[in-house]
There are 8 protein chains.
Amino acid sequence: MNLDIRFDFQRRGRIGLIEAIWGADKSIDQLERVSKEVLEKKEVVFITRIDKEKAAHLLEIFKEGRFIEEANCFIIGENLNKFSTNKKVAIISGGSSDLAVTLEAKLSLEIYGVSCQTFIDVGVAGLHRLFSEIEEINKYDVLIVCAGMEGALATVIGGLLSQPIIAVPVSIGYGVSKNGETALNSMLSSCAPGISVMNIDNGYGAAMAALRIIKRIC
Amino acid sequence: MNLDIRFDFQRRGRIGLIEAIWGADKSIDQLERVSKEVLEKKEVVFITRIDKEKAAHLLEIFKEGRFIEEANCFIIGENLNKFSTNKKVAIISGGSSDLAVTLEAKLSLEIYGVSCQTFIDVGVAGLHRLFSEIEEINKYDVLIVCAGMEGALATVIGGLLSQPIIAVPVSIGYGVSKNGETALNSMLSSCAPGISVMNIDNGYGAAMAALRIIKRIC
Amino acid sequence: MNLDIRFDFQRRGRIGLIEAIWGADKSIDQLERVSKEVLEKKEVVFITRIDKEKAAHLLEIFKEGRFIEEANCFIIGENLNKFSTNKKVAIISGGSSDLAVTLEAKLSLEIYGVSCQTFIDVGVAGLHRLFSEIEEINKYDVLIVCAGMEGALATVIGGLLSQPIIAVPVSIGYGVSKNGETALNSMLSSCAPGISVMNIDNGYGAAMAALRIIKRIC
Amino acid sequence: MNLDIRFDFQRRGRIGLIEAIWGADKSIDQLERVSKEVLEKKEVVFITRIDKEKAAHLLEIFKEGRFIEEANCFIIGENLNKFSTNKKVAIISGGSSDLAVTLEAKLSLEIYGVSCQTFIDVGVAGLHRLFSEIEEINKYDVLIVCAGMEGALATVIGGLLSQPIIAVPVSIGYGVSKNGETALNSMLSSCAPGISVMNIDNGYGAAMAALRIIKRIC
Amino acid sequence: MNLDIRFDFQRRGRIGLIEAIWGADKSIDQLERVSKEVLEKKEVVFITRIDKEKAAHLLEIFKEGRFIEEANCFIIGENLNKFSTNKKVAIISGGSSDLAVTLEAKLSLEIYGVSCQTFIDVGVAGLHRLFSEIEEINKYDVLIVCAGMEGALATVIGGLLSQPIIAVPVSIGYGVSKNGETALNSMLSSCAPGISVMNIDNGYGAAMAALRIIKRIC
Amino acid sequence: MNLDIRFDFQRRGRIGLIEAIWGADKSIDQLERVSKEVLEKKEVVFITRIDKEKAAHLLEIFKEGRFIEEANCFIIGENLNKFSTNKKVAIISGGSSDLAVTLEAKLSLEIYGVSCQTFIDVGVAGLHRLFSEIEEINKYDVLIVCAGMEGALATVIGGLLSQPIIAVPVSIGYGVSKNGETALNSMLSSCAPGISVMNIDNGYGAAMAALRIIKRIC
Amino acid sequence: MNLDIRFDFQRRGRIGLIEAIWGADKSIDQLERVSKEVLEKKEVVFITRIDKEKAAHLLEIFKEGRFIEEANCFIIGENLNKFSTNKKVAIISGGSSDLAVTLEAKLSLEIYGVSCQTFIDVGVAGLHRLFSEIEEINKYDVLIVCAGMEGALATVIGGLLSQPIIAVPVSIGYGVSKNGETALNSMLSSCAPGISVMNIDNGYGAAMAALRIIKRIC
Amino acid sequence: MNLDIRFDFQRRGRIGLIEAIWGADKSIDQLERVSKEVLEKKEVVFITRIDKEKAAHLLEIFKEGRFIEEANCFIIGENLNKFSTNKKVAIISGGSSDLAVTLEAKLSLEIYGVSCQTFIDVGVAGLHRLFSEIEEINKYDVLIVCAGMEGALATVIGGLLSQPIIAVPVSIGYGVSKNGETALNSMLSSCAPGISVMNIDNGYGAAMAALRIIKRIC
């Protein structure tokens with residue numbers, strides 16, 4: 001075990017989830033060491049918030065690794081204990097700029113073998129875009145809604161559909177909506193009942209919340 | 001002229017609007033004195049944000065005065081220079097708790113002889129309530145939208161109708177939406193184009209913004 | 001239909017939930033009128049955030065009403081379309097001061113016939129209190145965690161148990177924790193994966209989020 | 001249709017405005033694809049918040065495109081359904097540093113064939129600069145006021161002229177005025193009646209608000 | 001000397017000013033004790049932010065005391081070491097609601113024998129009110145400007161006159177201007193050069209800043 | 001054990017401290033029940049943030065109780081396991097308005113038998129007041145510094161003395177210093193090295209931090 | 001006159017001060033044009049907040065220009081109407097990191113021919129450094145105090161000396177003192193009487209405030 | 001002595017600590033000059049928050065210097081007056097991203113000859129990691145706890161161990177936990193008694209606070 005990183009290998013045993021590796025504040029060296037440890041234990045390496053440069057370094061070391069640039073994620077190996085479920089998740093986003101968060105959620109679910117579908121750029125300013133998909137979206141068991149700006153998409157969907165809804169504010173915008181705080185507060189204040197909210201840009205966390213629901217259902 | 005209050009009698013000449021009297025921070029005595037001055041000049045007295053107690057005092061002095069409690073407004077006399085226009089304003093609100101702000105806007109418009117209609121409690125959590133009125137709302141020339149909580153109503157209307165839209169955030173809510181800041185920021189961040197915004201609870205200001213538009217049209 | 005309140009009677013049809021009535025900003029008169037409408041439609045009246053004084057007035061009008069003071073809730077009639085489910089919810093709170101929020105969540109679930117159990121005052125400063133209950137808590141299908149101050153309880157439970165966790169920050173505390181914003185941000189920032197969060201003091205909303213999950217499971 | 005961008009082609013039909021493309025968070029690839037789609041539908045491509053580098057790429061693909069660097073805007077083609085109106089807009093700015101916002105508003109109006117004039121650097125610290133232009137400004141039908149720092153220009157103009165005034169706070173300044181929040185709050189708090197406000201730096205939105213007014217007048 | 005209050009009797013010797021007694025957080029008992037000590041030392045007792053109730057108690061004890069209710073101040077005795085100066089101060093306020101702050105500044109100056117004049121309710125929304133007084137105001141040596149809302153008055157005066165200007169933001173307003181923070185930030189961000197600013201509602205402090213200037217001039 | 005309160009009786013065993021009871025958000029009934037439980041276990045009842053009214057009720061039930069009004073504290077019984085130490089604590093405060101916080105800290109120490117002395121109203125605006133006591137203060141082993149406003153007292157003492165310093169920001173002040181946040185941030189930003197800080201008004205916590213130090217020393 | 005910059009040439013006539021040119025948000029081209037205009041009118045060009053790169057460009061155009069890098073200022077020509085005064089200003093700073101702000105103030109004063117002296121790095125953590133200079137500082141007529149972190153220096157000086165004190169918060173620090181807001185609020189909250197405050201890093205403004213005082217004295 | 005830096009050489013005499021040099025806002029030139037002065041006085045040079053580039057420059061000048069990159073610290077020479085103590089400090093951190101802060105604290109202690117041990121990545125999401133070390137941690141005399149995100153680690157340790165605990169919030173995280181403010185507020189709000197808190201990322205300060213405690217004990 002390295003002195004400075006203690007990977008939580010027992011997490012799967014306790015709560016059925018494996019630890020993802022937060023790439024943003026780790027050095028290449030730290031990422032390499034922790035990845036090797038994880039692979040030795042036959043677990044999948046899933047690094048989020050990793051940039052192009054760090055990914056290139058890792059690719060040289062781990063030839064079998066995959067860098068998914070649009071999602072800022074890096075994956076090595078495969079999860080050998082996937083969920084066996086027919087439940088599926090819809091990930092709906094308000095704009096085309098929310099792509100990275102949306103894809104981070106999607107990858108996080110797919111690693112566990114959970115089927116999911118994205119519905120992108122169906123923002124509230126043109127409701128017809130959402131309405132033309134609403135029947136399709138209703139076929140999914142859990143809904144993850146990603147939106148920046150004023151985040152009204154979560155409220156509109158929450159008023160129309162009955163599934164569990166996990167809202168993810170996105171740090172897209174300018175002026176008062178910069179950094180995603182307006183979307184966050186708007187989602188927390190939603191007048192539609194029973195929408196629960198994740199931290200800004202936390203696509204990974206939304207996927208984990210969806211997995212907690214699905215895990216309990218299977 | 002009293003030493004401590006200088007009513008802006010020239011305002012009508014400059015910008016076509018008369019000064020309303022902000023009642024919240026004035027003493028009964030100040031309100032009495034300024035009202036008398038205004039009446040002497042044959043202008044209408046329009047006091048906003050006045051509470052029950054102050055209003056009761058004023059009613060004893062100005063028997064012809066009217067206290068509209070739900071709007072926290074007090075009116076003495078009549079505006080002799082009303083607008084002559086067939087343009088009309090719709091005031092739409094997201095919840096039944098926005099009533100005071102909605103009515104302050106309504107009274108402010110009626111003093112100038114501008115016709116207006118309220119559409120109350122058509123919040124976004126149940127879109128059908130809005131959709132059943134949308135055709136009727138579309139007949140109006142200027143739209144004032146009052147909403148608390150996450151303020152998504154302004155965005156939805158802004159995506160559906162083409163009129164000038166003046167959004168008024170309302171200080172209704174709790175937790176992060178307390179005080180109306182979430183509604184304010186949400187309206188400013190709206191992904192629907194061309195929505196302009198007033199200060200929190202500023203129903204009077206929204207009416208004045210509508211009058212500036214109507215005045216220019218007539 | 002009253003002019004100023006439009007109860008969302010279609011909500012049950014759309015999303016399976018009925019509208020609760022927010023009592024804090026409504027007048028006695030508004031509460032009376034909307035309650036009568038709701039009762040006429042054979043729906044249950046469920047008023048949240050109602051104070052003692054308003055409740056006393058309503059009790060005179062609706063003799064069969066029940067005021068649950070510790071939860072600031074008022075109920076008239078019964079929900080005739082309860083959920084039929086054997087799933088149950090645990091509501092865990094960090095301190096004895098979170099009682100009102102905890103009970104609001106509990107009542108909101110019971111109206112739908114969902115069984116739930118409270119685990120009160122098991123805060124993190126004395127972990128043994130939580131540990132002595134953790135096995136029992138693990139028997140429940142959805143966990144609602146209410147905490148004020150630094151809100152660490154949600155993280156600790158999130159690291160130990162695998163169920164869906166809905167965290168409710170509570171506006172208990174002083175200095176920087178006053179108003180619940182520290183608990184809110186702490187819960188959103190949790191290093192335990194997949195915890196989703198409600199607005200401050202939103203016990204009702206947490207219950208609705210739990211119902212969305214349970215409804216999908218049945 | 002691309003998977004990740006759904007251009008709102010119906011917007012013109014609904015509200016008479018076309019969608020502008022937010023360039024800041026889109027990749028070159030996304031911008032290229034959406035531009036091609038828009039051109040195919042015979043609509044004008046109007047990209048805001050686009051930087052030099054992205055613009056250079058687009059210029060290679062769309063030879064007929066125009067990059068207006070001072071405004072951070074990129075235009076391809078022409079709007080075939082301009083407004084036919086003799087109404088015109090004045091865009092007034094408080095300092096020479098507000099140029100980008102001012103020009104974004106100007107371009108947004110010109111695309112619709114609406115005539116407008118800029119009055120730049122007429123800030124309140126030297127009132128004579130404004131007074132020497134006030135008579136000229138008064139000839140315009142709608143006023144857009146852009147200002148950073150303390151944003152007092154909107155209030156002064158609002159007290160002198162009767163037109164609709166759309167205030168745009170600008171993110172110019174340092175210390176407490178950095179990011180434009182002081183200008184925003186100052187404009188929202190204006191003691192001049194009926195000034196409505198846009199998000200910080202939202203020149204485009206101010207133009208759309210002006211178009212909503214002008215559209216209703218024609 | 002009481003155990004819990006140490007009046008700074010040496011302050012006059014060090015910086016030429018005497019300590020005022022902050023009345024808001026002191027008990028009647030504390031106020032009585034410190035007043036007696038101060039009177040014994042032949043200094044003037046000057047209590048600020050004292051409410052009606054506490055003042056009534058003190059009046060029973062100190063028959064020669066004066067309660068100036070509009071300024072929330074209480075004075076016992078007289079300052080025996082007044083300034084001997086012909087310099088004078090103008091105190092200008094933007095609205096009639098700023099009266100308490102304005103009068104606190106005025107009393108604070110008069111205790112030192114400095115002549116001052118108030119110019120009340122000359123706010124920027126009707127510039128003519130200010131312009132009709134500007135020549136008179138220019139005769140004063142130091143200007144104190146009190147304003148709430150967006151605080152633009154300080155900037156306009158700062159652009160017109162060359163005296164030292166001490167700006168006092170006032171906690172008048174609603175929504176974003178509530179508590180005076182918008183006025184404070186606006187004054188700090190003023191585009192007029194050389195305006196210095198006091199804490200919100202700090203009329204006393206503004207007077208002390210003026211005295212520091214005048215003291216140096218005499 | 002009551003259903004809603006679980007007193008942490010094991011705390012003394014774990015960390016040597018007993019739980020204080022936070023009185024602000026508890027009902028009389030809750031306070032009575034928990035007090036009885038604590039007394040049964042032969043522990044001292046120490047209630048903080050309790051108001052006059054609640055205290056009066058408790059005094060009727062617990063005749064031997066003591067209400068220390070200036071500190072908002074209520075004590076029943078005695079701590080039978082006091083510290084045996086000759087170490088002592090100085091509690092220094094910047095103004096006479098910090099009294100309640102200062103006394104809460106003092107009582108909290110005395111319950112454990114730790115000797116302490118208060119040095120009140122030695123604020124930085126008149127440094128001589130502090131300098132005349134500094135030699136005496138230097139005799140104490142741990143220093144607790146309470147200050148509101150700009151909290152500079154902690155920095156000045158931190159630059160002069162070598163003891164452990166625990167700074168307590170106090171919610172005294174107005175405008176930007178209201179609520180104690182300026183004092184808190186100022187203390188955290190202190191340019192004197194090694195000053196640690198408690199939450200606003202947390203006199204009790206400062207005493208506990210001092211006890212942790214003293215306990216380790218004994 | 002350029003279309004986009006209107007230099008306020010009348011400012012000297014109105015308030016005795018000349019306009020400084022804010023370099024941070026202007027292009028090289030704008031800076032060149034406005035500089036030429038100003039020089040043509042025989043006024044001094046004084047540019048603040050200009051970086052190395054822009055300065056190098058200007059130096060090629062204006063050979064006689066001077067770039068004072070430590071102050072981020074650029075000067076061309078000379079002020080032909082200096083003040084004739086024997087009053088002088090002390091500029092005192094708390095740390096060596098405040099240098100740029102301190103020097104901006106110094107240059108701004110020297111352009112008007114006002115004598116000034118800097119006292120650098122006399123922060124409060126080591127009071128002896130200040131005390132060894134206090135007698136010397138007392139010889140100056142106006143004091144400008146620059147400090148970052150917790151800004152306590154202004155309070156300590158304000159309690160010791162009687163001159164007009166203009167406090168400038170500096171954006172030095174980390175964590176809660178980052179950006180200078182803690183220093184700003186601390187200075188505004190000072191318990192020393194009569195300290196007035198400028199915007200964060202506004203060394204230029206402090207100099208102008210000092211000039212307003214000195215101008216009135218001469 | 002340089003004009004712009006006054007090293008506090010007397011600090012050791014007053015409070016037993018030597019001044020560390022804040023490297024972030026100083027130029028290479030300033031760092032060189034102050035280092036030479038300090039070395040001449042036979043004191044150790046300890047520079048914090050210094051980046052790679054500045055360190056490389058200094059290494060050329062001071063061959064005997066040591067740059068500890070993971071801690072952003074630079075040390076020249078040795079402290080000749082170390083503490084003689086057998087007390088030791090544990091530095092516990094919640095994640096592997098807190099390394100720089102943790103190491104800054106460690107170096108700061110080692111310079112004084114105080115023994116310390118780091119316990120890294122024992123965050124609360126996997127409590128077993130902490131529990132497996134808790135017995136070992138309990139052997140240390142003072143505990144420094146570094147954590148980002150929601151900072152719950154300090155509360156959990158504070159509920160388990162009795163030593164003095166100094167909590168350091170770390171600016172690790174994203175969304176609402178970005179910049180460390182959530183960790184800061186969470187630590188200040190801790191429901192565990194007697195935890196005192198440092199500014200965000202202030203590892204150095206935490207070490208100084210520990211030294212103040214240890215110094216008093218020896």
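Chain B and chain G do not touch either, with 21 Å between their nearest C-alpha atoms. The structure is a predicted model, in which local features need pLDDT of at least 70 and side-chain atom pairs count only at pLDDT 80 or more, while totals for chains, interfaces and linings use all residues. Residues are numbered from 1 along each chain as its sequence is written, and chains are lettered from A and ligands numbered from 1 in the order in which they are written.

Chain F and chain G, in turn, are in contact through 24 residues of chain F and 24 residues of chain G. Two or more residues of this side of chain F come from each of helix H7 (152–160) and helix H8 (181–188) of chain F; helices (H or I, at least four residues) and strands (E, at least two) are DSSP runs, numbered from the N terminus. H7(F) provides the largest share, five residues. By class, the side of chain F that touches chain G holds 10 nonpolar, 13 polar and one charged residues. Here Ala, Val, Leu, Ile, Met, Phe, Trp, Tyr, Cys and Pro count as nonpolar, Asp, Glu, Lys and Arg as charged, and the others, Gly among them, as polar.

The same surface serves both copies, as 100% of the contact residues of chain F recur in chain G.

The contact between chain E and chain D takes 23 residues from chain E and 24 residues from chain D. On the side of chain E, the elements that give two or more residues are helix H7 (152–160) and helix H8 (181–188) of chain E. The residues of that side comprise 10 nonpolar, 12 polar and one charged.

Within chain A, the domain assignment, which is automatic or from a database, gives domain 1 (11–76) and domain 2 (88–217). Their contact involves 11 residues from domain 1 of chain A and 10 residues from domain 2 of chain A. On the domain 1 side, these are seven nonpolar, three polar and one charged residues. The centres of the two domains of chain A, taken over C-alpha atoms, are separated by 25 Å.

Methods:
Contact = placed C-beta atoms within 7 Å.
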